[in-house]
Amino acid sequence: MIRKISGKHTAQKINQLYVNGAKITDVSDIDNILGKTFFDNSFSDHCSTPFKSYKQNAEKYSISFTSNNTDIYKNPFSMDELTNAISISRDTAVGPDSIYYQMLKNFPDSAMDTLLGAVNYIWTTGNFPPEWHLATVIPIAKPGKDSTNLTSYQSIVLTSCLCKVMERMINTRLVWYLEKLKLITPVQSGFRKQRSTTDQLVRLKTFVREAFVNKQHIVAIFFDFKKAYNTTWKYGIMKDLFDAGLRGRLPILIGNFLKDQQF
């Protein structure tokens, strides 16, 4: 009732789909068709021919992150890092392991010690638990779109809350490293501390106001990348980490996380 009053969209059960003019009503068939559609969204077939050629040539060269340096971002995680990652977690839906954030937030000290030990074991060995590679995907029809059309659905991906806690811990160290060495362009506002996308809106507004005052014109170009996350080049991510000077556990664990994803 509160969601309806707030005007929030409520997901409806998918009763039928039309594929190439054929009506699909069987639940398992609907599941498989939607699953294949989401799967196909990540295929490199969507890339341009020049990029496919570049991608094929680039991936011939393996990337080695082995190193003997002792940078502090390689150290075992502390209890403070773990408790902070849990405390800032919002109570979202659970993944396949059915472990809620509220469970983690109410762990006794002994359980937290055990969890920290498990996290550091994964950190040291670089091996993600197989269950953390599995996600539950919920298809949600976009508001105002035809619910019988395959292209009307977006996917909500539910992964392990435990995994997301560790992801958050790794990301904090990664961002610290990138910010410390000034490897992020100063004009980027999103996904950074003490910055937000509102900064860009203020900057644009300032440009417009100054143009009015000086009787000038402003030209703005906006890019919207279709399926940006679905088509992200994994090898390209690892190459960027390598070029940024990252070595050892952090990039190795990110690489292992990106492998063998299933839903």
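**Exercise 1. Count the positive and negative side chains of the protein chain and find how far apart the centres of the two sets lie.**

Solution. Place each charge at NZ of Lys, CZ of Arg, CG of Asp or CD of Glu. The protein chain has 33 positive and 23 negative side chains. The two centres lie 7 Å apart.

The model is predicted: local features need pLDDT of at least 70, side-chain atom pairs pLDDT 80 or more, while totals for chains, interfaces and linings use all residues. Residues are numbered from 1 along each chain as its sequence is written, and side-chain values use heavy atoms, without hydrogens and water.

**Exercise 2. Describe the two ends of α7.**

Solution. Begin at the start: a side-chain oxygen of S160 comes within 3.2 Å of the backbone nitrogen of L162. Then go just past the helix: K182 has a positive phi of about 55°.

**Exercise 3. Identify buried residues of α7 and what covers them.**

Solution. Buried means under 20% relative accessible area (1.4 Å probe, protein chains only). Residues that qualify include C161, L162, M169, R173 and Y177. Their cover includes α4 (79-87), α6 (109-125) and α10 (249-257). Across the 263 residues of the protein chain, 28% count as buried.

Notes
Buried means under 20% relative accessible area, exposed over 50%, partly exposed in between (1.4 Å probe, protein chains only). Helices (H or I, at least four residues) and strands (E, at least two) are DSSP runs, numbered from the N terminus. Contact means heavy atoms within 4.5 Å. A polar contact is a pair of N or O atoms within 3.5 Å; within protein, one must be able to donate a hydrogen and the other to accept it, and residues adjacent in sequence count only if both atoms are side-chain atoms. Lys and Arg count as positive and Asp and Glu as negative; His and the chain ends are not counted.
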